[in-house]
Amino acid sequence: PPVMLVELLFQAACVSLFLPGGHGRVYPGRKKPASFAVERRRVGPHVCFSGFGSGCCPGWMLSPGSGQCTLPLCSFGCGGGLCIAPNLCSCPDGEQGITCPEPPGTCGEYGCDLSCNHGGCQEVARVCPLGFSMVETANGIRCTDIDECLSAACEGLCVNTEGGFVCECGPGMQLSADRHSCQDTDECLATPCQHRCKNSIGSYRCSCRPGYHLHGNRHSCV
């Protein structure tokens, strides 16, 4: 009989666990997930819960209109683009990244100078004269002369000048019309010899008529 009593008590305990009104129900927290879901729907997406309550997840902020966590944050800024997710920008060129490149300004790479006249003032692109390049220094931007002789194609000697360059030719040669190549100068046109003159590349030679010989100065005839 004692064994029968133990079995009956055990069965009664098991039935009480599964009956709707049973006080032995083992799911006392069943309703908590349901209330969590309701609260999450009520406050919107991107909500994170902590021991101190709920708030927007990192990278999101409250939308002023709805009060829901729907505005993404981009730490590096998106320039002309749009922040579509935490640290994700959609850029005007269709690309996506943590930031968008700034569009080139109307003043170009080196900024603006203010140009004023009787008609008023306007911003104009800051540029250097031809033959100069713009260099950033500790004191700001300045224009420095470009040494064109590093790339100029002079047949003779290249001389760098401020804002440009010139080609020079050696003795007995002259600069051609293209200002780069050299051609022979016909020195005999200037009649340097007393009797006869024979031109050569880069030089000339004097000679005398029969009955004369060339002086030691190589020009006169004796």
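A search of the whole structure turns up 13 disulfides. The model you have open is predicted. A disulfide is a covalent bond between the sulfur atoms of two cysteines. Three of these links are stops on this tour.

**Start with the whole chain.** Show it as a cartoon. Switch to a surface view next. The accessible surface of the chain is about 16600 Å². Carbon and sulfur atoms account for 59% of that area. Now colour by burial. Of the 222 residues in the chain, 16% are buried. Take the contacts between residues at least 6 apart in sequence: 12% of them join residues at least 24 apart.

**Select C48 and C57.** A disulfide joins the two, with an S to S distance of 2.1 Å. At 105 degrees, the link of C48 and C57 is right-handed. C57 is buried, with a relative accessible area of 14%.

**Move to C74 and C83.** Here the sulfur atoms of the disulfide are 2.2 Å apart. The torsion about the S-S bond of C74 and C83 is about 90 degrees, so this disulfide is right-handed. Stay on C74. Its relative accessibility is 17%, so C74 counts as buried, the cut-off being under 20%. Which residues touch C74, once its neighbours within four places in sequence are set aside? They are C83, A85, N87, L88 and C89.

In soluble globular proteins, nonpolar side chains tend to be buried together.

**Step along to L73.** L73 lies in the loop between β4 (69–72) and β5 (82–85). Is L73 buried or partly exposed? At 36% relative accessibility, L73 is partly exposed. With L73 they form a nonpolar patch on the surface. The accessible area of M61, L71 and L73 together is about 220 Å².

**Jump to C128 and C143.** This pair forms a disulfide too, its sulfur atoms 2.0 Å apart. Which hand does the link have? The torsion about the S-S bond of C128 and C143 is about -90 degrees, so the disulfide is left-handed. The pair links distant parts of the chain, 15 residues apart. C128 is in the loop between β9 (120–125) and β10 (132–137), while C143 is in strand β11 (residues 140–145). Check burial at each end. C128 is buried, at 18% relative accessibility. C143 is partly exposed, with a relative accessible area of 34%.

**Finish at S176.** Where is S176? Look in the loop between β14 (173–175) and β15 (182–184). S176 has a relative accessible area of 9%; the cut-off is under 20%, so S176 counts as buried. Show its contacts, leaving out neighbours within four places in sequence. S176 is then in contact with S181, C182 and Q183.

Conventions. Residues are numbered from 1 along each chain as its sequence is written. This is a predicted model: local features need pLDDT of at least 70, side-chain atom pairs count only at pLDDT 80 or more; totals for chains, interfaces and linings use all residues. Side-chain values use heavy atoms; hydrogens and water are left out. Helices (H or I, at least four residues) and strands (E, at least two) are DSSP runs, numbered from the N terminus. Buried means under 20% relative accessible area, exposed over 50%, partly exposed in between (1.4 Å probe, protein chains only). Contact means heavy atoms within 4.5 Å. Accessible areas come from the Shrake-Rupley method with a 1.4 Å probe; for residues, only the protein chains shown count as cover. Patches are made of residues with over 30% relative accessible area and no salt bridge: like charges are joined within 9 Å, nonpolar side chains (Val, Leu, Ile, Met, Phe, Trp, Tyr) within 5 Å. A salt bridge is a side-chain nitrogen of Lys or Arg within 4 Å of a carboxyl oxygen of Asp or Glu. A disulfide is a pair of cysteine sulfur atoms within 2.5 Å.
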